[in-house]
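Subject: Handing over a structure

Hello,

Here is the structure I promised to pass on to you.

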Amino acid sequence: MILVGSQRAGAINLADHLMNTHENDHVTIHELRGFVGRDLHEALQEAHAISKSTKCEQFMFSLSVSPPKDQDASEQDLLNAIERAEKTVGLDGQPHAVIFHEKQGRRHAHAVWSRIDADTMRAINLPHFKNRLMTLSRELFLDHSWELPNGLRRDGGKSPLNFTLDEWQQAKRLGLDPREIKQSFQEAWKHSDSKRAFQHALEDRGYFLCRGDRRGFVAMDIHGEVFSVPRMLNIKTKEVAARLGDPQDLQSTDQTRSAIAEKVTDHIHRYIDRVDEHHTREMAPLDQQKQAMKEAQRKERQTLKAKQKERWQQESRDRARSLRNGLAGLWDRVSGRANAIKDQNEREAWDAAKRDQQQRDDLVTAHLKERRILQEKMDALRRKHALNRKILARDLAQTMRLSDQIEL
């Protein structure tokens, strides 16, 4: 399991995020332990209220638990990982919430603990929790016989595609995969041996070399987003300077932004809008299919939940009737038969609970499989759209260079 934990505040924001049914196909609150609140918002606000009696600002510990992309994890697998993480970081017995998310045909879990010890009214210290979670994550991979990712290998292997949160969010705003952006810069660097060659190679890919505010090399795309050249190339600033020289003869970011705004004609803007509209129309049927699938799956789960509840109530009544009343019941207690019946009832209740859990797992597994088939179609269409955007960026760069020649 991939485990990502953090100490944090913001009860309302976290509850809103965890209950977000727009980005997730399904959201299920599995457990609220140790809280008086009846839903997640009430529970986390309760944790916040208790923390007011302390000096602790980051009064919650949030954990995400995700299986590898090519693996499915059962409900019990996720719960076991959360239980082990709770003990690993030192939050045994603390009030917590467990939420299951399903998105793009995959299931993962989130857990949130209160860090405030109700007996001492002090925040529980969580030393080295990141290292501890990484060690536990490696153990979970090995327990499930899953292939270790490079980040968890002990032989020094590490993925070259290691993005910061800012890089990922920046790429997400543009609708591009961050790997695609980095590869564009790296390909341009590979095929150039001077500042001018690099500048043209970047422009062919829709990026324009300019001078950053701190006199470093940056590049700007047609939307005005600025990218650090050394960061995109994964090399040091001095290596960039050794090949490209002094950035002083380049335009500043403000000048580049103005130049782009002047050069991008209304015709090209309309072309971009038409491409975006076409992409939206192409994706619409799949989005509708996804929404219909979500609603159908939710109904199936609600039906299963209702049937399980009805069956559980009936089985509970049947078990209760097995304990006789009156003189017969007195005789059962004296003879020990009542205790034997109670033990049998407990075993049957446990078996029934595990049976219901397995039914839920089976239904979720079937739903995930169904969702993955749709996700493959959506991913293929997005790859096609990304290629279209690359072609548009290339054509735009060529048009702008032609415009420069005309102006000269």
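Below are some notes on its pockets, cavities and cysteines.

This is a predicted model, in which local features need pLDDT of at least 70 and side-chain atom pairs count only at pLDDT 80 or more, while totals for chains, interfaces and linings use all residues. Residues are numbered from 1 along each chain as its sequence is written, and side-chain values use heavy atoms, with hydrogens and water left out.

On a 1 Å grid over the protein atoms alone, a cavity is a set of points where a 1.4 Å probe fits but cannot get out, and a pocket is an open set with protein on both sides within 12 Å along at least five of seven lines; lining residues have an atom within 4 Å of a point.

Of its 24 lining residues, Thr28, Ile29, Glu75, Lys305 and Arg360 are the closest to the centre. Its lining divides into seven nonpolar, seven polar and ten charged residues.

The whole structure has two cavities of 30 Å³ or more. The second largest cavity holds about 30 Å³, and its lining consists of Pro67, Gln71, Asp72, Ala73, Arg106, Arg107 and Leu368.

As for cysteines, there are zero disulfides (pairs of cysteine sulfur atoms within 2.5 Å).

Best wishes

How values were computed. Nonpolar A, V, L, I, M, F, W, Y, C, P; charged D, E, K, R; others polar. Points joined across faces, edges and corners; volume = space filled by probe spheres on them.
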